[in-house]
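Welcome, and please get your viewer ready.

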Amino acid sequence: MKRFYLGLLVMSVSTIQSQKFPDLKAPIAEKQEHLREIHGDKVNDPYYWMIDYFKKGKDSTKVVDYLKAENTYWEGMMKDTEPFRDQLFKEMKARIKEKDESVPTFKKGYYYYTRTETGKQYFKYCRKKGNLNAPEEILLDVDQLAEGHAYYSASGFSISPDNTKLIYGVDDVSRRQYKLFLKDLSTGKITDLGIKNTTGSATWANDNKTIFYTGKNAETLLTEKIFRHSLGTDAAKDVLVYEEKDKTNYIGVGKSKNEKFIMIYSGATTSSETRYLDAENPNGTFKVFQPRMKDVLYDVTALEDKFLITTNKDALNFKVVETPLDKTGVENWKDFVPHRKDVLMQGISEFKNYLVFSEMFFQNLIQNL
C-alpha cells in the first residue's frame, strides 16, 4: 500500500513539473484606502470600492473591467483543459434526467407541480384541476420568461385563495433582490407590481387582494421590514406593518397551514418572536404572540381550537406546549408533549385528522454510530 501511494505521488509531481503554463500576467486589483468601523474597530478595506458594482457608483465600470480581465486570464491559463472540461460536462449532463417532473401537491382542488424539458435551462410551473388526468394548465413558463437574460430566477409561487391569481418573484441579476409580479390566471395578463428588493415571495390574505411581503436592506440584504400591499394600488404607498430593529434577527411572513392567520416570524440563533393577524382582517394590527425571551426559541402551529408551540423554554431538547387561541402568553402554556432527555423534538406537521411530530432519538443515534 505504501509503494502505491509513493508511486502516485511521484507521478503527480512529475506531471506538475512537466506542465508548462502560459506566460500570462495576472491582473492585479487596484487598492483604495477605505476605513470601515465594525463593532467599534476600524478596519482598512482596500477593495471596498468594488461594491460600486452593486451601488452603480463611479467605480462600477472599473469593477466590470477588472472582472473581465480576471476571466480573460483564467481562460488563457486553462486553455489546454477545454477538451477535458467539455468531456466532463457531457458526462455529468448524461447522468441528469433532463425531462423530469416534481411530485404533485394537491391544494384546493388542484394538483400543482413543476416539470422540465430536454434541452431547456429552466422549468414550467403547472397545475391540473381535480385529478392528474385532467388537461394541463401552464401557470408560468420560466423557460420562455428567461429568454434574453444571462441569469433568471423565478420563485415564491403563491396562488390566491380563490385560485385565480399568482404572485411570484423574479431576480435577473443574481443579487437575491426579487421583484414581485402578478399573473391573472383567467386572462394570462402579467403585471409588474412595482415592488422591489424582496425575498421573492408574498403571503395572501383571505380577501384575495391583499398581500404581505418581506423587504430587504438594499446594502446588507438583511430582511428588515414587512409590508402590506393592496392589488391595484401604488407600491410606493404600501403600509409598513413591522420593522425589525435587532440586526441579528432574520424575519419573514407566512400563513398558517389552516389559512386562519398571517404570521410574522423574527428569529436569531437563541431567541425568537412571533406576531399574528386574522387572515380575514388584513388591515388589522398584528399581535405579539409572546414577547421574545432571552435564550428561548419558539415556533407556532395553529390548529382549529388552539395553538401548539415547539419551544426550548425549560426544555433543552425542546417540547410541545399548547395554549388557547385567545391567550397566547407564556403564562398560559401547558405541556402537550413533555420534554424528554433522550429525544430532540424537531417540529410539527399538522393534518386534518392527525399530527406528525419530527423527533430524533439520541439512544438510537448512538447505537447506529
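A charge sits over a ring if NZ of Lys or CZ of Arg is within 6 Å of the ring centre and within 35 degrees of the ring normal. Keep that in mind for the opening stop, and note that you are looking at a predicted model.

**Charges over rings**

Select R127 and Y110 to begin. R127 lies over the face of Y110, and its distance from the ring centre is 3.9 Å. Now move to W49 and K62. Here the charged end of K62 sits over the tryptophan ring, 5.8 Å from the centre.

**A surface patch**

Together F84, L88 and M92 make a nonpolar surface patch of about 310 Å². Zoom in on L88, which you will find in helix α4 (residues 82–94).

Switch to a cartoon view and select residues 178–184, strand β10, along with residues 190–204, strand β11. The two strands pair in the antiparallel sense over 5 bridges. To see one of the contacts, pick L180, whose bridge partner in β11 is I195. Then look at the turn: 5 residues lie between these strands, and G188 takes a positive phi near 85° in this hairpin.

Follow β11 onward to β12. These strands also pair in the antiparallel sense, here over 4 bridges. A202 has Y213 as its bridge partner in β12. The hairpin of β11 and β12 has 5 residues between its strands, and in it N208 takes a positive phi near 65°.

**Aromatic pairs**

The structure holds 16 aromatic pairs. How are the rings of F212 and F286 arranged? Their centres are 5.7 Å apart and their planes stand at 90°, so this pair is edge-to-face. F212 belongs to strand β12 (residues 210–216), while F286 is in the loop between β17 (272–278) and β18 (287–288), so the pair ties together parts 74 residues apart in sequence.

For the last stop, select F261, Y276, F289, Y298, F307 and W333 and show their side chains. Ring pairs link these six into a cluster.

How values were computed
Residues are numbered from 1 along each chain as its sequence is written. This is a predicted model: local features need pLDDT of at least 70, side-chain atom pairs count only at pLDDT 80 or more; totals for chains, interfaces and linings use all residues. Side-chain values use heavy atoms; hydrogens and water are left out. Rings of Phe, Tyr and Trp (its six-membered ring) pair if their centres lie within 6.5 Å; planes under 30 degrees apart count as stacked, over 60 as edge-to-face and the rest as tilted. Two strands pair if DSSP finds at least two bridges between them. Patches are made of residues with over 30% relative accessible area and no salt bridge: like charges are joined within 9 Å, nonpolar side chains (Val, Leu, Ile, Met, Phe, Trp, Tyr) within 5 Å. Accessible areas come from the Shrake-Rupley method with a 1.4 Å probe; for residues, only the protein chains shown count as cover. A salt bridge is a side-chain nitrogen of Lys or Arg within 4 Å of a carboxyl oxygen of Asp or Glu.
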